[in-house]
Each structure stands twice: as C-alpha cells, then as structure tokens.
Amino acid sequence: MRIISITFLFMICVLSLSEGANAQINMAKQMANEKETKVVFETTLGNIVVKLYNETPKHRDNFLKVVNDSVYNGVLFHRVIKDFMIQTGDPSSKTAEAGQQLGSGDLGYTVEAEFVYPQYFHKKGALAAARTGDAVNPERRSSASQFYIVTGKSYSPQQVEMMEQRMGDQKKEDIFSGLVRERVDSIRNMQAAGDSLGLEELQNELIALTEAEYAKNPLKFTPAQVEAYTTVGGTPHLDGQYTVFGEVVEGMDVVDKIQQVATDPADRPVDDIKIISAKVVE
C-alpha cells in the first residue's frame, strides 16, 4: 500500500513538472506571437520605421519577404498626395525616367485581404497595402509590393458623423448590388416579359434583405476612430477597403516632409524621393 502511495505521488510530481514545462512553452510561443517586427526604411529625406501587426500574418510575412529580397532598395515614392497618403513599392520605379508614369509595376501575385477592422484603421501613420480597384478585384486582394502610409487630415466631430453616415449608405449599396448580381437572370427575364410588378416586388424584397444584412454589422466608428480622426487625422473613407497591416513608429516627420514636396499632374514628385534601403530590425 505504501509503495502504491509513493508511486502515485511520483506520478503527480512528474505530471506537475510536465504541465509547468508546457505552460512555459505556451507562454514563450505567446510572447513570440505578441512581438511586433519592425522595418526601417532609409530614404533620401530621412529614416522611417514601421511596425507590422501580427493580426495580419499574410501581409506581415509577405512584407518581410519582400524586404529581405531587397525589392524596396532603390524604389521611388511614385505617388504623393498632400493630406492623403504617400505611396511606394513599384519595382519598375527603380529605373524610371523623369516624368514617366508609375504605379502599375508589381511582383506577379497578390495577397489575400486581411481586414482587422475596426481595430486597425486609416489613422495618420497607418501602413496599408495598395491594390487594384473593385471592378477587377472584387476580393480586394493586396498588391504584393506596393504600399502607402496615411497622412490624411483631421475632421470636426460633425464631419466624422457625416462621413460615417455616407460610408454606411455605401455599405448598404454594396450589399444591395451583391444581391442584385445573385438574381441577375431573374431580373432580365422579368424585364424581357415586361413584369413591372414582379420587379417592384423583388426590389422591395432586396431592400428589406439589405437592411437586415446591414443591421448585423452596421458601420459605426469606434471611440478610438473618432478620437484619431478628430485629432491626428487620417483617411476614414478608406476604412474597410484596404488592408491596414502596420503603422509608423518613428520618422513621421519624414513622412510629412515627403507629402509636402512638389508633384506633377500624375502625383509623382518632381524631384525623385527614393528608398535607399529597407531592413528588418528586432
């Protein structure tokens, strides 16, 4: 009986030690996941340091790959719009002649959208992926290399409220358009048959479905968004449209310098602004 008790106590000790080791391993993994990677861009106007969000892992990992592959070394800030954003990452800009229009260069693949909204939004300093428009890119997949940094501007509380309303209306339009596309054959048949009553009934049905779908997730700015947009500023109308995957942590003064430069009619800086090098920092 005593031998059984000793054996039992030994097993408890082993299990406790094992559980403690597993807890330490899990904690180490969690700490590793929480660690935010940073990238420093040396530009001709100064350094910009960004941190990458772990909640957008596909964009984080792709961005790090592109940085490590030296894709950004030598590219230009090819699109600069004051009080809006500065954009770069077009590989073809490395050899661009003066006045050449840029922005179509890429790496031949796209990255799946990762909208972590409203946690991450288009406040000033946000790092986001560029992409082609909805007409050719309904899934809103991101460019593999092109990205922008938000400069934006600040708004009054009343302006933020009006933008919220407009964006909500746009979201409803998007929902309605999607429902219409699903029923396009029925709509065409009704039109061909001159069934105006059927079309009216379908329209009312789709409006009701739109309102019900919108009510599940209505567009409403969070207190953090309202505070940011009424103080430091940003570009609220881009929220939920483009993947935000990081933010500037050092060098926002350099970003402001870049947004102030003279540009041509295509928004390209008259005097080239270049990323000299990009590297990952721990």
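Select Phe115, Val116, Tyr117, Tyr120, Phe121, His122, Asp239, Gly240, Tyr242 and Val244: these residues line the second largest cavity. A cavity is a set of points on a 1 Å grid over the protein atoms alone where a 1.4 Å probe fits but cannot get out, and lining residues have an atom within 4 Å of a point. About 50 Å³ of space lies inside. Volume here is the space filled by probe spheres set on the points, with grid points joined across faces, edges and corners.

This is a predicted model: local features need pLDDT of at least 70, side-chain atom pairs count only at pLDDT 80 or more, and totals for chains, interfaces and linings use all residues. Residues are numbered from 1 along each chain as its sequence is written, and side-chain values use heavy atoms, without hydrogens and water.

Next, the largest cavity, about 70 Å³ in volume. Pick His59, Asn62 and Phe63, which are among its lining residues. Helix H2 (residues 57-68; a DSSP run of H or I, at least four residues) gives the largest share of that lining, 3 residues.

Now the largest pocket (an open set with protein on both sides within 12 Å along at least five of seven lines). Its space is about 720 Å³. Of its 20 lining residues, select Arg140, Lys171, Asp174, Gly240 and Gln241, which lie nearest the centre.

Last stop: the second largest pocket, about 350 Å³. Center on Gln87, Ala130, Arg131, Thr132 and Gln146, the nearest to its centre among 22 lining residues.

Definitions and conventions
Helix = DSSP H or I, 4+ residues; strand = E, 2+ residues; numbered from the N terminus.
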